[in-house]
Amino acid sequence: MIDNDKRPLRVLVTKIGLDGHDRGSRIVAAYLRDAGMEVIYTPPWQTIAGVVKLATEEDVDVIGVSSLATDHLIVPKMMDALRESGLNHVRVVIGGIVPDEEKGALLAAGVSRVFGPGAARDEIVDFVDALGRQSRDARIDEFSETNP
Amino acid sequence: MTHTAVQLPLPGFEQARGEWRSQYSRHMRDEKPIRNRSGIEIQPLYSPRDWSGDRYLEDLGFPGQFPLTRGIYPSMHRGRTWTQRQLIGLGTPEDYNKRVRRIIGAGATAISLLPCCSGFRGIDCDEVDPVLLGTCGTVINTTDHMDRALEEVPIGEISTAMNDPSPFTLLAFTLGVARRRGIDWRSVTGTSNQSDYISHFIANHQFYRLSLPGSRRVLLDHIEFCRRHVPNWNPVSVVGQHMQQAGATPAETMGFTLSTAIQYAEDCIERGMDIDDVLRRFTFFFDISISMFEEVAKFRAGRRIWARIARDRLGAKDPACWRFKFHGQTSGVDLTQQQPLNNIARVSIQAMAGILSGLQSLHTDAYDEAIACPSEETARVAVATQNILREEARLCDVIDPLGGSYYVERLTDQMEAEIEAVIAKIDAAGGMYKAAEAGLVQTMIGDSALAFQEQVDAGDRKIVGVNCYQVEEDPTVPPADRPDADAMNRHVERFRAFKRERSQEQVAKALDALARAANTPNENTFEKVVEAVEAGVTHGEVIGCLRRELGFGHPLIVA
Amino acid sequence: MEAFLQRLRTGDPRTAARAITVMESGGPVADDLHRALLPLTGSALTVGFTGPPGAGKSTLIDAFVSELRKSGRSVAVAAVDPSSPLSGGAVLGDRVRMGRHTEDAGVFIRSIASRGHLGGLSESIQPIIDVLDVAGRDVIVVETVGAGQSEVEIVEVADVRVVVNAPGLGDDIQAIKAGILEIASILVVNKADLPQAARTVRQLRSMLSLRRETDRNVPVLETVASTTQGVAELLQAVLALAPRAAEERKARRRGRVHRLIAQAAAAEARRSIMRRNDEALIAILGRVEAGEMSIETAARALILHDGAG
C-alpha cells in the first residue's frame, strides 16, 4: 500500500502531568532527529485529550512520554484514550523515573517499555525504530471495507 | 577585564619550573587536554607564573571592598554564618506546616516554600487529576491555605522565600496572612525567589503563564509595590539555576544571569525608578554543580563583574548596590538515580563549593532528590551536611580561603573572560529580553546540553555508577513518599466548598479591577492581585485573568 | 477507496490524517487518491503566512485561528518545518505555538517536514491542502519555513498571502531584495506596540507606492499578536480578498502544475541523457567538444530529435 520503508518514522515526544523538566526529552528528540525521524515535540504540561488529538492529526507511529514524580500514574488513562480513539497501533514508551513496583501496571496497560535516566542513545533509538516498524505493520489497511 | 601577566623576579624560578615540566612530561606522555564544563583548559599545575598578587587591590580587594571579589561583607561567614534555607514543599498546607515547624524548632532561621507544580502551571487544585497534586510542592491556592501552611510560624521575624513566578500570588497570600495577624508589612522579610521571568521563559516553560511582555509589566509593578509597601522584601531574584540545569555551562549561566539583571535594572530605570533604590534589593539564585573549583571561580568572577556593572554601567552610587548577594542550591542535575547514597558525597562537595564561594544562603539537596520529593530522613541528612561543614570542617573560620591560590585566581580571571564574552554576545543581540524572545539563549543552552550528553555517552565525562564503576544492581527506585490521597482529596473538597461559599460578587469585582489594571499602564497589577486574594480570588483565577488581559504565552521550540 | 472518501468527507480527523500521510508518501496510491479528490475540492479558502524569523508568525497564526473560530469557521493548519539535510529527520515544533487550540476539534493541525524540498513548503503541499478541503475545513492556514527567499510556492497554493514583518528586524531592505512585496496580498507589521513600528509601516507603504498599480492597494496592517490586537481586522481583510482570490485560484493551480511538469520534464531529460551511451549521443558529444555545436543546440537536438540531425 504505502511504501512505508521510505517514509521517516513520526514520533511524538511529550510530557503529560505536571512536571516541568524537559532537558531529557529535548535530548531524546535530538537523538531521534539525528537518526532520521520526524519528531513532533511538545513542551511539558500537555493534557491527555490534547495528546490524543495530536497523535491523531499527526498520524504518529510512536509516542515517547517523559515522566517524573507521579506523571506516569496517568499514562494508563492516556492508553485508554488512545484506544478509544482508534489509535491502537500507536506504540508508547516512557522515559524517566518510575518506582519499580509501578512499572508492571504500565506494561499491563500497554506501554512497551520504561527507560530509566541512564539509558544509552543507541538503545533508545534502536528500540523506537523497532517500535515504529511494529506500529506501521499494525495499522489497518485504510482502504479496506472493514474499517470502522 | 582582568588578567595578570606576570613578570617574575624570582631567580631560579624558570629553571626549576623547566625541570618540573620535563619530568612531568616524561611521566605523562600522550596526555589529552582537560577542560572544565565551561570549556577552559585546566593545567596540571599553577604557579606565580599564572597569577601574582600585584593587582590585589584592583582585582580582589578586601572583603566588603570594591570589587568585592573576596566577599561582599567584611566578616562574611565568620561573622554570620550563611543562612540555612532549605526548600520545602509537599502535599497539603498541613503537611508543609508540620515540616516547617520542625525545622524551625531545629534552629532554622529562614524558610522557603515551594508550591505544587499545578501552581507553576497556573491552575488550581480542582483543575487537575488529584493523583498529580502535592508530589513536589505544597498546594496553596488561597490566603486560607497560606494561613494554615504558616500556622505558628512567626512571619514577622523569620525570612521567607516564596518560590513562585509572577504574578507572585504566594506573597499576596502571605501579606493577607500578615494583615490577619496584625503584622506590619514592613516586618515581612524574604524574597520572591522565582521572579526572573526571562529565565523561566528560556528554561522553565513559564510561557504558559503569561506572555513575555505581560511578565515584564507584572515584575515592574511587583518591584514598585514592594518598594512602597513591603520595603524589606526582595522582589527580584535573578535566577541562574534553571539555565544551568537545562545545560548551560557555568560561565554561560553567569553571563546570562548577569545580562538578565542588567535588563531588569534598565527596565526599572526606564520606568523612572531610582537605580540605587532598586539594586539594593536585587538578589541572585544559582545552582552549584560538582565542578568545585569552577563554581568557586564562577562566583568570585560574578561578584567582581557585578560590582563593576552596578557601579560603572548602571551608575549605582550606594555601595550596598554593588553587592552580589546570592542563594545557592546544590545541583540536582549532578545527582544519580543509581546508588543514591553516593549523592550524599556529591551534595557535600557541591555545598562546600558554595560555601567557599561566599554564598549568603544555601539549600542542600537530599540524596533521593533524583527520584522523588525528599523524605523526613533524607531531608535531615541534607541539613546535617551543612552543620558538619560548618561545625566540624570549620569552613567558616576563614573568609575566601581559596583566595590567593594560583589556580583559583587564574581560573577566576579566565571565567571572567568567558562570562564577559557571553554578556557581550547578549548585548549585541539587544539585551537579554530580545535574546530570549529570538531564541538565541535557548539555542546556546541546547547546544551545551547536547555536547555534555555526548561526552557522557562517549564515556569522556565520567559519572560514578552511571558510566563507570557501575554496580550489578538493578537501580531500584523505591516507593516514593507521596501525600496522603485522602488528605489531598479533603483539601480539594474544602477548596471547592470555599469557592462556592465566598462572595461571588466580591470576587467578580476584584477580577474586574485586576483586568482593568492590566489594561491601564499606570495602574499597579500586583496591588490588584493583593486586593483580589483578599476578596477570596484563587491563584488560578488571578492567573487566568492576567493571561486573558496581558496575553497568552507561546513556547519557543528551538531544535 | 469509496468508503474512505466518504469518511473523509464527514471530516473524520483520523481519515484526514491518513490521507495526508498517503499524499506525503507519493506514488500511485497517492495519485489515485488525489484524482478522486480533485472534483470535490474548491470550497476552502487557503491563507498562507510567511515572513522572516522573529516576526511572530506562529503567535499571529494562533491568534488568527482564534478569530476564525470565533467567526464559526472550521480551520486546518499546515505548519512546515525544515528537515535536517544531514539526517533527513526533523524536530517539528510549530504546532505547540498554537497553544489555544490543543483540544479544539475545529482546528486540525498537521506538522509537515520539508523533506529536502526547496520552495518554502513541501512537495505534496497541494494534495495535502486538497485533502483538508475535502475534509470540510473552511479555512486552511499554511505556514511556510519562512526565510522569504524561495517563496514561489506560497503564491501557487495560497489564495491569500499574508506576509508578516516586525519592527527592528532589519528586514526592510531584505523585503525588497527577496521580492516579498510581490507575493503579499496583505502586509502585517506585528509587535506594533514597539516604538519603531510606525516607521516600519511607513517604509512598507512607501515601498508599495513605488510598485506597479496592482500592488499599491495591498493593505498594511498592524497587529500585536500576543494580545490579539489588530487580529480581527486582519481576518476582515483576508475575507475581503477571498472572492477575487478564489477566481484566481484556477490560474494559480494551473501555473503550479505547469511548473511542476516542467520541473519533472527537466529531471526526466537529465536522467535520460545521462543514461545514454549510444552512437548518436557520442557523435553529438564529439561535435560539441570540437566546437562545431553549442551546448544549447546539442540539448535541443537530444530532447526534440533524439540526437538526429
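Good morning. I begin with chain C, where strand 1, residues 45-50, runs parallel to strand 5, residues 139-143, and five bridges join the two. As one example from this pairing, L45(C) has V139(C) as its bridge partner in strand 5 of chain C. Please keep in mind throughout that this is a predicted model.

In chain C, seven strands make up an open sheet with parallel pairing, and their order is 4-2-5-1-6-7-8. At the edges are strand 4, residues 107-113, and strand 8, residues 220-222, of chain C, each of which pairs on one side only. From one strand to the next, the twist averages 20 degrees.

Helices lie across this sheet, and I will mention two. Helix 5 of chain C, residues 125-134, lies across strand 1, strand 2, strand 4 and strand 5, and runs at about 155 degrees to strand 5 of chain C. Helix 9 of chain C, residues 197-209, lies across strand 6, strand 7 and strand 8, and its angle to strand 7 of chain C is about 160 degrees.

I now turn to aromatic side chains. Over all chains, the count comes to 20 aromatic pairs. In one of them, the ring centres of F168(B) and F526(B) are 6.3 Å apart; the pair is edge-to-face because the planes stand at 75 degrees, and an angle over 60 counts as such. What parts of chain B does this pair link? F168(B) sits in the loop between strand 6 and helix 7, whereas F526(B) is in helix 21, and the two are 358 residues apart. F168(B) has a relative accessible area of 0% and is therefore buried. F526(B), at 1% relative accessibility, is likewise counted as buried.

Another pair in chain B consists of Y197(B) and Y264(B), which is tilted, with 5.3 Å from centre to centre and 40 degrees between the planes. Y197(B) lies in helix 8 and Y264(B) in helix 11 of chain B, so this pair ties together parts that are 67 residues apart in sequence. Are these two tyrosines, Y197(B) and Y264(B), buried or exposed? Both are buried.

Chain B also holds an aromatic cluster, whose members include F282(B), F299(B), W306(B) and F326(B).

Finally, I come to arginines placed over rings. R216(B) lies over the face of Y433(B), 4.0 Å from the ring centre. R311(B) lies over the face of W322(B), and here the distance to the ring centre is 5.9 Å. Thank you for your attention.

Technical notes. Residues are numbered from 1 along each chain as its sequence is written. Chains are lettered from A and ligands numbered from 1 in the order in which they are written. This is a predicted model: local features need pLDDT of at least 70, side-chain atom pairs count only at pLDDT 80 or more; totals for chains, interfaces and linings use all residues. Side-chain values use heavy atoms; hydrogens and water are left out. Two strands pair if DSSP finds at least two bridges between them. Helices (H or I, at least four residues) and strands (E, at least two) are DSSP runs, numbered from the N terminus. Axes are lines fitted to C-alpha atoms, for helices over the stretch in contact, and angles run from 0 to 180 degrees between N-to-C directions. Contact means heavy atoms within 4.5 Å. Rings of Phe, Tyr and Trp (its six-membered ring) pair if their centres lie within 6.5 Å; planes under 30 degrees apart count as stacked, over 60 as edge-to-face and the rest as tilted. Buried means under 20% relative accessible area, exposed over 50%, partly exposed in between (1.4 Å probe, protein chains only). A charge sits over a ring if NZ of Lys or CZ of Arg is within 6 Å of the ring centre and within 35 degrees of the ring normal.
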